[in-house]
Amino acid sequence: MSSVQTVLLEWFRQHQRKLPWRGVTDPYKVLLSEVLLQQTRVEQAIPYYERFLERFPSLEALSRADQEDVLKVWQGCGYYARARNLHRLAQQVVAAGGVFPRTSSALRALPGIGPYTAAALASIAFGEPVAAVDGNVRRVLSRWYAWEKPTAGQIQQAAEALMAGLAQSQGPSPGDWNQALMELGATVCLPKNPACGRCPVARFCLGQAAPERYPGAKERKQRRLELTALVLQGPGGVYLEQRQGPILGGLWGVPMEEGPRALARLLARFGLERAERLGSLRHEFTHRKLHIEVYRAPWVAGENPASRPLSRLDQKILALVEANLSSQHSPAG
């Protein structure tokens with residue numbers, strides 16, 4: 001095993017953060033932590049991890065749950081496709097006997113499991129010597145080798161070479177090595193203002209003279225969408241409907257349409273002639289920037305939104321409605 005691996009693993013043993021999934025090899029719990037961390041900061045992921053396991057303590061318990069219950073527990077975490085895929089995966093694995101595949105290649109056949117998640121799960125839970133490359137690892141290796149614009153294949157090849165050296169030594173577990181690289185990127189080799197002075201492997205880093213140069217920034221493209229939301233208020237609350245599609249599918253929310261004449265289509269759908277404009281708001285997903293015009297109209301029936309899993313977007317819309325009602329009921333100055 002090379003010096004860089006020896007040094008980094010020793011640092012990891014001494015300085016790794018104490019996280020609820022650290023040291024866990026139960027594949028269900030490892031998978032849950034990795035799915036949460038895909039688009040969520042650690043400090044935000046911890047309460048969701050604990051809450052999810054409290055409600056669904058095993059893969060079997062998750063498989064038996066209704067999707068709406070799963071989304072309700074996931075509510076506020078965002079990227080709801082992750083929760084839907086996790087639910088589908090649980091049902092698929094339990095139906096096949098309840099045993100996870102033990103290799104990264106077999107794991108990739110499961111719903112929502114991509115190359116990184118498969119490698120992380122296989123290495124941590126089953127000890128497979130396979131490299132897991134996330135954004136942290138990409139940044140660390142780009143700086144080590146002073147690669148300004150590395151390709152995905154270049155990074156993957158470098159990570160696999162390091163893993164191969166570890167496997168030949170028959171030393172520490174592949175899961176420890178993958179987590180050590182990720183921990184370095186998450187706590188020391190930061191995107192901005194990296195702490196090179198306390199990096200355990202700085203002497204091996206070719207890019208330490210100008211670390212923020214590596215890797216070069218990726219251009220982030222966002223599609224702008226113009227949406228109209230219609231809040232229908234009845235005596236018992238708000239009319240909600242279950243959304244379909246890849247973004248917010250399975251969640252509940254107010255009726256919404258995209259594009260020109262969206263309000264006219266919404267009004268025609270519910271047999272209404274007019275609606276009151278309440279204002280507008282903005283909301284962003286990773287690749288989408290939304291501008292939403294919000295309208296309100298009376299309706300015959302509704303329910304308490306707290307009883308349904310809602311997205312942050314719908315929570316913001318309903319908060320706008322509530323703020324508008326509060327201002328109407330406030331006494332004049």
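Which residues does Phe 100 touch, not counting residues up to four places away in sequence? The predicted model puts Phe 100 in contact (heavy atoms within 4.5 Å) with Pro 27, Tyr 28, Leu 31, Leu 59, Leu 89, Val 93, Leu 107, Leu 110, Leu 121 and Phe 126.

## Basis and confidence

This is a predicted model, in which local features need pLDDT of at least 70, side-chain atom pairs count only at pLDDT 80 or more, and totals for chains, interfaces and linings use all residues. Residues are numbered from 1 along each chain as its sequence is written, and side-chain values use heavy atoms, leaving out hydrogens and water.

Mean pLDDT (the predictor's confidence in each residue, from 0 to 100) is 92 for the protein chain, with 96% of its residues at 70 or more. Helices here are DSSP runs of H or I, at least four residues, numbered from the N terminus.

## Nonpolar cores

A nonpolar core is a set of buried Ala, Val, Leu, Ile, Met, Phe, Trp, Tyr and Cys residues joined through side-chain atoms within 4.5 Å; buried means under 20% relative accessible area with a 1.4 Å probe, protein chains only. The largest core has 94 residues, of which Phe 52, Trp 74, Phe 100, Trp 144, Leu 184 and Ile 317 touch the most other members. Helix α8 (residues 115-126) gives the most to this core, nine residues. Another core, of eight residues, lies apart from it and includes Leu 230 and Ala 297.

Notes:
Buried < 20%, exposed > 50% of the residue type's maximum accessible area, 1.4 Å probe, protein only. Helix = DSSP H or I, 4+ residues; strand = E, 2+ residues; numbered from the N terminus.
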